[in-house]
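The briefing below goes through selected features of one structure, grouped by topic. Please read it with the sequence and the model at hand.

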Amino acid sequence: MHQSVSFNFHNFLIQTKIMGTKHYDVFVIGSGIAGQTAAKTCKQAGLTVAISDKREFGGTCATRGCDPKKVLIQFADLMQNTKQLEGLGIKQPPKIKWKAVQKFKKSFTKSIPLDTEKNLNDLGIDLYHQSPQFISKNEILVEGKTVTADKFIIATGYIPRTLEFEGAELLKTSDAILKLKKIPKSAIFIGSGYVGMEFCYMLSTMGCKVTMVEVSDKALNQFDSFLVEKLTKVLEKNGVNFMFNTKPIEIEKLKKNLKLTYEKDGKTKSIKARKIFNTAGRVPAIEKLDIENANIKADETGVLVNDFMQSTSNENVYACGDVSSKSLPLTPLSGIQGYIAGHNIVNGNKKEFENPLVPSVVFTQPQLASVGYSEEEAKSRYKNVQVYKGDTSDWYNAKKENAEAYAYKIIVNERTDKIVGAHLLSSQANETINIFTMAINEGLTTNEFKKQIFTYPSYTNDLKSMLKDED
């Protein structure tokens, strides 16, 4: 790679004698929320700015991530809700026209790339449609040009983790799931994180025979095991086959299917499916940037940055959003970090990033949501911890939906009586977790929380009843 870059750089040095080298005050790499926010902040301050992206402008979340995914999953939710009430007033579940669903999804994503480019162009920001390569601390190669800049902002986000075994090139990613022309008869997912579990739920609810292959002993390792176990049982009941402690070895293409050979319990076996998806997690998208040429240090968490979002090894480089070592892969943080990076370039390092309390959700049905400390984290931080935990599938809100699971775990610092963590499993967990987010941010005690008046009968009102003596 270095020889190739050296060769290209030599050619461009010859070209620039004639054409000159393009220079900007700031060059942004990545056009998602983080990159757009940083670019606009710098441009509005009067700096010359350029932005590049190797894919369509607009970033992952809006075009091929959170937003289109949620549009599709709501149809699975509809199917799941009606299945739960079948025979209780619902004669039979509705039939979903998948082509119409995909057309509806496209109405949210189709205009984003052009609209994003227009907005950036209207601000006077130059656009490049390629991933650049660093040649030195202040030079890159992009679109056949040598470009220099006083400051660079890396906001390239995440890409799917590469799996290395024979036939791995036959794997599809979440991009392919979002573009499915029809629901496959069968599918295998390798990896049970957010993406794997959400799409596993969606396809299985739509009638696909789904197998989840996971190398560890449980799904969703970053979530509370008490709730994850209940969610896993719901998905199993709905037809998902979970294979834990299973190592993929090889994928082979057959006439109609793909065959996955795997190792489990010391034995080698195989299974077949129409589609096999790589949902084994995502990693910072930095491999093709040649960041070592610019002395930009990174590890598995991303570009190493300080609290100003500035590279710890190259003061002229900033990183924000998922690709930075200070972030979690959550959209709300990307915009905050993009603004901080841009502001610090314009005004000097004055704004520091302070990790806010951010709730996270797995959009299965039921939904799994979490905010604050886990039970283990709280017990390592506080001397005495009160854990409120329960299975509430016999409560009114679960029974009226004929829900298969409803449970919770709330963590309280016993000395102060303040809520420090909340973990919910319910059909409304993506909304009700926000109530606990506010409670933790405001430092509410359990007594103060239980004094709040909420609508009745609602899932939010149930939250007060969860703060009772430990089971």
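**Salt bridges, cores, cavities and backbone features**

K326 is partly exposed, with a relative accessible area of 28%. This value, like every other one here, is computed from a predicted model.

**Salt bridges**

- Across the whole structure, 14 salt bridges are found.
- K69 counts as buried at 14% relative accessibility, and E198 counts as buried at 1%, so both partners fall under the 20% limit for a buried residue.
- E375 and K409 meet through their side chains in a salt bridge with an N to O distance of 2.7 Å; because E375 lies in helix α11 (residues 375–381) and K409 in strand β22 (residues 407–413), the pair ties together parts that are 34 residues apart in sequence.
- E375 counts as buried at 16% relative accessibility, and K409 is buried with a relative accessible area of 4%.
- E375 and K409 also belong to a network of salt bridges that links them with D224 and K379.

**Nonpolar cores and contacts**

- In soluble globular proteins, nonpolar side chains tend to be buried together.
- The largest nonpolar core in this model has 66 residues, and F189 and I410 are those with the most contacts inside it.
- When residues up to four places away in sequence are not counted, I410 touches a set of residues that includes V387, Y388, I419, L424, F436, M466 and L467, and among the other residues that I410 touches are Q386, G421 and H423.
- A second, separate core has 44 residues, including I29, L127, Y128 and I296.
- N430, in helix α13 (residues 429–441), counts as buried at 18% relative accessibility, and it touches V361, F363 and Q367 when residues up to four places away in sequence are left out.

**Cavity and pocket**

- The count comes to one cavity of 30 Å³ or more, and the largest cavity has a volume of about 80 Å³.
- The largest cavity is lined by 13 residues, of which Q365, P366, A403, A405 and S427 are the closest to its centre.
- Helices α4 (66–84) and α12 (396–401) are the elements that give two or more residues to the lining of the largest cavity, and by class this lining has six nonpolar, five polar and two charged residues.
- The second largest pocket holds about 340 Å³ of space, and of the 16 residues that line it, K105, K106, T109, L178 and K179 lie nearest its centre.
- At least two lining residues of the second largest pocket come from each of α3 (59–64), α5 (98–109) and α7 (174–178), with α5 supplying the largest share, six residues.
- The lining of the second largest pocket divides into three nonpolar, three polar and 10 charged residues.

**Backbone features**

- Q365 and P366 are joined by a cis peptide bond with omega of about 5°; P366 is found in the loop between β19 (360–362) and β20 (367–372).
- A cis peptide bond also joins Y456 and P457, with omega of about -5°, and P457 is found in the loop between α14 (446–450) and α15 (459–466).
- N245, although not a glycine, has a positive phi of about 50°; N245 lies in the loop between β10 (241–243) and β11 (246–253) and is partly exposed, with a relative accessible area of 44%.
- D290, which is not a glycine either, has a positive phi of about 55°; D290 is found in the loop between β15 (282–284) and β16 (298–299) and is buried, with a relative accessible area of 1%.

Conventions: Residues numbered from 1 in each chain as written. Predicted model: local features only at pLDDT ≥ 70, side-chain atom pairs only at ≥ 80, totals over all residues. Heavy atoms only, no water. 1 Å grid on protein atoms, 1.4 Å probe; cavity = no way out; pocket = protein on both sides within 12 Å on 5 of 7 lines; lining within 4 Å. Points joined across faces, edges and corners; volume = space filled by probe spheres on them. Helix = DSSP H or I, 4+ residues; strand = E, 2+ residues; numbered from the N terminus. Nonpolar A, V, L, I, M, F, W, Y, C, P; charged D, E, K, R; others polar. Salt bridge = Lys/Arg side-chain N within 4 Å of Asp/Glu carboxyl O. Buried < 20%, exposed > 50% of the residue type's maximum accessible area, 1.4 Å probe, protein only. Contact = heavy atoms within 4.5 Å. Core = buried A, V, L, I, M, F, W, Y, C linked by side-chain atoms within 4.5 Å.
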